[in-house]
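Here is my note on the model, point by point. Please keep the structure open while you read.

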Amino acid sequence: MSSVDAARRYFDTAADHLQLAPDVRTLLLTPEREVKVQIAVPLDSGQIGTFIGYRIQHDCARGPFKGGLRYHPEVDADEVLTLAQLMTWKTAVLDLPYGGAKGGISVDTKTLSLRELEAVTRVFVDKIHDMIGPDLDIPAPDMGTNAQVMAWFFNQYGKHHGYSPACVTGKPLELHGSQGREEATGRGVMIVTRELLTQVGRDLKGTTIALQGFGNVGSFAGRFFHEAGAKVVAVSDVAGGLFNPQGLDIPQLLTHQASNRGITGFPGARAISNDELLSLNVDVLVPAALGNVLTKSNAAEVQAKFIVEAANGPTHPDADELFQKKGIIVVPDILANAGGVTVSYFEWVQNRQQYDWDLDEIRGKLERRMSRAFDAVWRLSVDQKLPMRTAAYILGIDRVNKATKLAGLL
Ligand code: NAD
């Protein structure tokens, strides 16, 4: 099953509850525009590197297209379309004035020098700049991209359209970025986990957590869990995982990661595989790396009571069904990892006002938005006895559907 088919299953479950007609489903699922470009750059070796880039604009009924840029060898049209659709429902669940888009380049950034990475980014911007803009489509970081990549994007876009900081978010603070953007997705993951635990009469303090992925999202989530008194007993990155049943010292692990370019070899923890991490006996499992890591073949081994989807699309629908049967509560990606796009929205607002907010203000605003969205999804899920994922999809799809109707498209 492709990622598009898997996402379709989640969509259809919610669309059935909303009793959407087949033509409406087709309209809501069909992307507005799909662009695939060639990116050719001279490599340091003297050869020419050729890469494929994508930008897919899914829906703009509620506002300009919004969505990240992923640099990863597995990026393809299917994956980008799936992620673009997720963005449409996500911005709607958070009630942000945006639609959904996604982009990316099929490239292994580890094989590129900094100069080559910059060249790839600038050529990509040259190829797609006419479909980007503050009122049109606003990219942001995702896997394999960061504030530096957004800075190059902003600069290259300016060569075509003039000074326009609101054309991209996730920029460095020195170049019109926002306080709290880098930490935002991880912080949002902590907020929804805390809200969930509160609803079931528990507390983050002492809760055991396993985190797959220790990049931007995973490392900030780990830091905030640790600060809140949770026991992060396991983390992993692409090279493997670490386990300590007493809880890992996250600040020390972050220092180790910074000086060793990875978490491997951290003292005071046992090495485990990524597969082992997923089946640990913990309270909360947080996949924060790739999509489709929880599948039919490993779902039965999952022992966590709660799964908080920090990554996009980590759970295959077959695994999701099994989790429902086992009574595992899943906080879906379109809610759990929405902290990033929420602070991206704050960055865009600040850029447009040419006025900046301090970190406390950003954190307070994020806290309110995330808790409000969590409450809305939780209430719908309890009232209608639905999994949180179905409730979140119902909320998001209904808002997009209503906006589409009000605009006169339906
Ligand atoms: P990142 O590139 O900063 O980090 C990715 C992490 O995953 C790294 O620790 C990497 O080593 C690890 N990883 C890669 N392949 C792995 C594998 N096969 N097994 C285990 N770990 C592996 O990316 P990120 O920005 O932290 O994004 C992580 C996830 O969160 C993605 O699914 C992304 O779409 C989602 N997300 C990110 C943001 C954001 O603001 N960055 C927002 C919403 C959702």
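1. Strands β3 (residues 65-71) and β5 run parallel and are joined by five bridges. Leu69 has Pro141 of β5 as its bridge partner. Strands and helices here are DSSP runs numbered from the N terminus (strands E, at least two residues; helices H or I, at least four). Two strands pair if DSSP finds at least two bridges between them.

2. A word on the source: this is a predicted model, in which local features need pLDDT of at least 70 and side-chain atom pairs count only at pLDDT 80 or more, while totals for chains, interfaces and linings use all residues. Residues are numbered from 1 along each chain as its sequence is written, and side-chain values use heavy atoms, with hydrogens and water left out.

3. What is the order of the strands in the open sheet? The five strands run β1-β2-β4-β3-β5, with mixed pairing. β1 (33-42) and β5 (137-141) are at the edges with a single partner strand each, so one side of each has no neighbour in the sheet. On average, neighbouring strands are turned by 20 degrees against each other, direction ignored.

4. Helix α4 (residues 114-128) packs on this sheet. The helix touches β1, β2 (48-59), β3 and β4 (100-105). Contact means heavy atoms within 4.5 Å. The direction of α4 makes about 140 degrees with that of β1. Such angles run from 0 to 180 degrees between N-to-C directions, with axes fitted to C-alpha atoms, for helices over the stretch in contact.

5. Now helix α7 (residues 216-227). Its twelve residues should span 16 Å at 1.5 Å a residue, and the end C-alpha atoms are 17 Å apart, which agrees. The expected span is 1.5 Å times one less than the number of residues. Buried residues of α7 include Val217, Phe220 and Phe224. Buried means under 20% relative accessible area (exposed is over 50%, partly exposed in between; 1.4 Å probe, protein chains only). Among the elements covering them are α6 (184-199), β7 (231-237) and α13 (359-383). Just after α7, Gly229 takes a positive phi of about 90 degrees.

6. How many aromatic pairs does a search of the whole structure find? The search finds ten. Rings of Phe, Tyr and Trp (its six-membered ring) pair if their centres lie within 6.5 Å; planes under 30 degrees apart are stacked, over 60 edge-to-face, the rest tilted. Tyr10 and Tyr393 form a tilted pair, 6.1 Å centre to centre with 45 degrees between the planes. Tyr10 is in α1 (residues 3-18) and Tyr393 in α14 (residues 388-406), 383 residues apart.
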